[in-house]
Amino acid sequence: MDEEEIEKAVMTYLKKKGFKQTELAFQEEQQRQHPKTALHSTNSHVDPEIACQILSFSSELESNPAQYHEGYGKLRSWAYSSLDLYKHELLRVLYPVFVHCFMDLIAKGHIQEARTLFNSFREDHEMMHARDLQKLEGVLSPSHLEEMEFAHSLRQSKFNIKICQYSYDLLLQYLHKTQSVVMLGLINEHINFQVSPGQPTSISDDAEVVTLMGSGQDAVNLINQKEIHWGLLEDSLEERLEKAGALVPDSAKVDGEAREGEVEENKKRPYEGGKQGASLKKSKKDKVATATGKASRVETSTVSVAPRVKPELTLPSIPAEVEHSILEDLRNRVQLSSAALPSISFYTFINTHNGLNCASISQDGSLVAGGFSDSSLKVWDMAKLGQQTGYATSQIVEDSYPSDSLLGANSGRKSYTLFQGHSGPVYSATFSPFGDYILSSSSDSTIRLWSTNLNTNLVCYKGHNYPVWDVQFSPVGHYFASSSHDRTARIWSMDRMQPLRIMAGHLSDVDCLQWHANCNYIATGSSDKTVRLWDVQSGECVRIFIGHRSMILSLAMSPDGRYMASGDEDGTVMMWELASGRCISPLVGHTSCVWTLAFSCEGSLLASGSADCTVKLWDVTASTKLLKTEDNKTGSINRLRSLKTLPTKSTPVYSLQFSRRNLLFAAGVLSKNT
């Protein structure tokens, strides 16, 4: 058998097995070695005897499903018996191999053998991949692999695994020594290794195994090389205030003792504010502003160093009285740091009977909205709530009686304004930056715009085909974005019925989104475990952030637009640098879903709210400074320092919002299950 015949047989085998990438690489190699004959090699006649010899190997594998169980079992035993230095990296290979062994057996019709394999080894992966295993457990026939979205996407994508050179060489040596052809084939087809020189990474950074849905690593690298402009808008109100030095009072210079006293006072305020109503809370905010206006300057260290960019959208004009109010808030902004934590006002919904789906708080904390499963949207005015009850309280009482559809101007029975119009559960609500409008999205696939001044529905936007999970106003108002079960995100303007842009690229639900500070980009988080950054003008994806192991539930952008935080279903929060697209710091501490994230106005703190009934405050400044100085020379990942954990009695945190004066508002619903 000469060399040409062998090449023909190999080409036939690759075609039969569908190894397209390997086939192309083999053809290129042939062209380099035999430039004249390689052009005709793919169409040449193949000796039937040679083809039978090669293809009989494939038939033998298909007729012997036990090789999958045996091969995986040996690979598992070898990985667990490896040296501790390399074990945690070698164990990363097991889950992708296990999943594809199971799906290959199902695809070839060996259902019973697939179930035996699945039940024998599923316990190894329960801790890290419990939700994925629950989905795969429902695959019972080859047709399910095509019909089930999750299984189909796994078959079409590759696992990216970071591994050091020593571990990679050990794995290859094992596969060749044991001649584990089945395992070698699966690893070659479904795993993309990112080999790094030197010693293995630490066990604590074992969050590197990720599934890249729908595109290879090369495509992601190509996307992440696109240029983005992460700075702030030119001629923003913050920039104007910064340039007008006369706006900062001369009395800003005070001694350290007075500042420390105010820090202690701020620490006490959350506990006092938790039991006070809107009338007292509003006066408290004024007192805080007055005190801190004398004790701190306007924050310039973070915002001023950010580059300035031009807006890609036509920005709306700001009314003079609104602009004056914003500037007043900016002048009196509280300076936050690791030594001066924010005051927190927490709104608790009670008696909701498991009907509350979402909560939203206006910029100044004067309005609180709740979206409910009965298709209603309810808005509480904190000032009216304090007046009606006759005493100060920040608990929002959801009436259990469905009568009285709208709160009248002179009515005192209801403590809220009821907005009705949706025909399905309301999943998201967001106030405009100035609090005069509110948007709501629903399972009825529509978005509705409401006026908080007129207490009426103004517009119903239709464009999505499935439930709309999230909707967010832009930082300047007028424009807003929505995300849906139809795997798209859309950009709208208030004066147009149809979307201006449609962002398509995710391979599963787009669960959450967040505008960039300069309104030129939108970040979307999806059930495909990735976060994407989109250019508003072109509608193109300019960054893909990979690292989460479960669906993304919350996003937040830093005020200078340089960093982004994302929270997932497992309780992990990740900090990303937009320019490079890399994770600079995982935040570990929550034990359940992270539903909401918020940066403080100067970007020094990050607040996270979770279903584990806690609010956590993280030190952003210390971590980013460490990143710049050390630049991760050791290969390990920085972790943000947790400054404080604030537990609630039994209230999962639905929403967090920093006011312009850096007061932190939070909202949640009292749960009787915990």
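**Labels and their cut-offs**

Colleague: What makes the side chains of aspartate 470 and glutamine 472 a polar contact?

Modeller: The distance. The two side chains meet at 3.3 Å, and the limit for a polar contact is 3.5 Å. The pair therefore qualifies. Keep in mind that this is a predicted model.

Colleague: Which backbone atom does the side chain of aspartate 470 reach?

Modeller: The backbone nitrogen of leucine 513, at 3.1 Å. That is within the 3.5 Å limit too.

Colleague: How do you know that aspartate 470 has no salt bridge?

Modeller: Look at the nearest side chain of opposite charge. That is arginine 490, 14 Å away. A salt bridge needs nitrogen and oxygen within 4 Å, so aspartate 470 has none.

Colleague: Where is aspartate 470, and what does it touch?

Modeller: Aspartate 470 sits in strand β16, residues 468-473. Leaving out residues up to four places away in sequence, its contacts include Ser428, Ser441, Ala481, Asp511 and Leu513.

Colleague: On to aromatics. Why is the pair of phenylalanine 419 and tryptophan 450 called by the name it has?

Modeller: The structure holds 19 aromatic pairs. In this one, the ring centres of phenylalanine 419 and tryptophan 450 are 5.1 Å apart, with 50 degrees between the planes. The centre limit is 6.5 Å, so they count as a pair. Stacked means under 30 degrees and edge-to-face over 60, so 50 degrees makes the pair tilted.

Colleague: What does this pair tie together?

Modeller: Phenylalanine 419 lies in strand β11 (residues 417-420), and tryptophan 450 in strand β14 (residues 446-451). The pair therefore ties together parts 31 residues apart in sequence.

Colleague: Are phenylalanine 419 and tryptophan 450 buried or exposed?

Modeller: Buried means under 20% relative accessible area. Phenylalanine 419 is at 3%, so it is buried. Tryptophan 450 is at 2%, so it is buried as well.

Colleague: Which residues form an aromatic cluster?

Modeller: One cluster consists of Tyr72, Phe98, Phe102, Phe118 and Phe121.

Colleague: And which members of the largest nonpolar core touch the most others?

Modeller: Tyr72, Val97, Phe102, Leu136 and Met183, out of 42 residues. Helix α6, residues 94-107, gives the most to this core: ten residues. Methionine 183 contacts Tyr68, Gly71, Tyr72, Leu75, Val97, Cys101 and Leu175, leaving aside neighbours within four places in sequence.

Colleague: What makes glutamate 126 and arginine 122 a salt bridge?

Modeller: Their closest N and O atoms are 2.8 Å apart. The limit is 4 Å, so the pair counts. Glutamate 126 is partly exposed at 29%, whereas arginine 122 is buried at 14%.

Colleague: How many salt bridges does the structure hold?

Modeller: There are 13. Another joins arginine 331 and glutamate 328 at 3.1 Å, N to O. Both lie in helix α17 (residues 320-331), three residues apart, about one turn of the helix.

Colleague: Why are arginine 331 and glutamate 328 called partly exposed?

Modeller: The class runs between the 20% and 50% cut-offs. Arginine 331 is at 23% and glutamate 328 at 31%, so both fall in it.

Colleague: What about aspartate 329 and arginine 661?

Modeller: They form a salt bridge too, with the closest N and O atoms 2.6 Å apart. This pair links distant parts of the chain, 332 residues apart. Aspartate 329 is in helix α17, and arginine 661 is in the loop between β32 (653-658) and β33 (664-669). Aspartate 329 is buried at 13%, and arginine 661 at 12%. Elsewhere, salt bridges with shared partners join Arg122, Glu126 and Glu137 into one network.

Colleague: Last point. What is the phi of glutamine 179, and what is that of serine 445?

Modeller: Glutamine 179 has phi near 50 degrees, a positive value. Serine 445 is near 70 degrees, also positive. Most residues other than glycine have a negative phi.

Colleague: Where are they, and are they buried or exposed?

Modeller: Glutamine 179 is in the loop between α11 (165-178) and α12 (181-190). Its relative accessible area is 65%, and the cut-off for exposed is over 50%, so it is exposed. Serine 445 is in the loop between β13 (437-442) and β14. At 17% it is under 20%, so serine 445 counts as buried.

Key:
Residues numbered from 1 in each chain as written. Predicted model: local features only at pLDDT ≥ 70, side-chain atom pairs only at ≥ 80, totals over all residues. Heavy atoms only, no water. Core = buried A, V, L, I, M, F, W, Y, C linked by side-chain atoms within 4.5 Å. Buried < 20%, exposed > 50% of the residue type's maximum accessible area, 1.4 Å probe, protein only. Helix = DSSP H or I, 4+ residues; strand = E, 2+ residues; numbered from the N terminus. Contact = heavy atoms within 4.5 Å. Lys, Arg positive; Asp, Glu negative; His and termini not counted. Polar contact = N/O pair within 3.5 Å; in protein donor to acceptor, adjacent residues only side chain to side chain. Phe/Tyr/Trp six-rings, centres within 6.5 Å; stacked < 30°, edge-to-face > 60°.
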